[in-house]
Amino acid sequence: GPNVGALYAGGLTTDPVTSELFATGLTYDDNGSVPTPQSSCFLAKFDPSQLENDALQASRIGSGQIVEACHALAVVNADQDFVIAGNSDPGGMYGYPEVATGF
């Protein structure tokens, strides 16, 4: 895959207007040249007609220092606004300092 560490899919949806695919899940993205110690969420977008050209756009959501995982997503309008569902250990990007949370 595109990361030094492992990548696990959690959810997949398509934009009904553009036919682009969106995926989410968790990744142990690189922290220099080694995988991060904890998982972070990722969001990826790609056009199925361009798969042979590696037309994938992806980004990590989180620091890789606290367990975070995304499980599902949905595109909610023609502007490609989306909703992602997941969870985080205490202190994560969408969590509270002392409490594990869902988002």
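Student: With 100 degrees about the S-S bond, is the link of cysteine 41 and cysteine 70 left-handed or right-handed?

Tutor: This is a predicted model, in which local features need pLDDT of at least 70 and side-chain atom pairs count only at pLDDT 80 or more, while totals for chains, interfaces and linings use all residues. Residues are numbered from 1 along each chain as its sequence is written, and side-chain values use heavy atoms, with hydrogens and water left out. Cysteine 41 and cysteine 70 form a disulfide (a pair of cysteine sulfur atoms within 2.5 Å), their sulfur atoms being 2.3 Å apart. With 100 degrees about the S-S bond, their link is right-handed.

Student: How many residues apart are cysteine 41 and cysteine 70, and in which strands do they lie?

Tutor: The structure holds one disulfide, and its two cysteines come from distant parts of the chain, 29 residues apart. Strands here are DSSP runs of E with at least two residues, and helices are runs of H or I with at least four, numbered from the N terminus. Cysteine 41 lies in the strand of residues 40-46, and cysteine 70 in that of residues 68-75, which are respectively β3 and β5.

Student: What is the relative accessibility of cysteine 41?

Tutor: Buried means under 20% relative accessible area, exposed means over 50%, and partly exposed lies in between (1.4 Å probe, protein chains only). Cysteine 70 is buried at 3%. Cysteine 41 also counts as buried, with a relative accessibility of 1%.

Student: Which side chains meet in a salt bridge?

Tutor: A salt bridge is a side-chain nitrogen of Lys or Arg within 4 Å of a carboxyl oxygen of Asp or Glu, and a search of the whole structure finds one. One partner is in the loop between β1 (7-14) and β2, the other is in strand β3, and the two are 25 residues apart. With a distance of 3.9 Å from N to O, the partners are glutamate 20 and lysine 45.

Student: What kind of aromatic pair do phenylalanine 22 and phenylalanine 82 form?

Tutor: Rings of Phe, Tyr and Trp (its six-membered ring) pair if their centres lie within 6.5 Å, and planes under 30 degrees apart count as stacked, over 60 as edge-to-face and the rest as tilted. Phenylalanine 22 lies in strand β2 (residues 21-27) and phenylalanine 82 in strand β6 (residues 82-88), so the pair ties together parts that are 60 residues apart in sequence. Phenylalanine 22 is buried at 3% relative accessible area, while phenylalanine 82 is partly exposed at 36%. With 6.5 Å centre to centre and 35 degrees between the planes, the pair is tilted.
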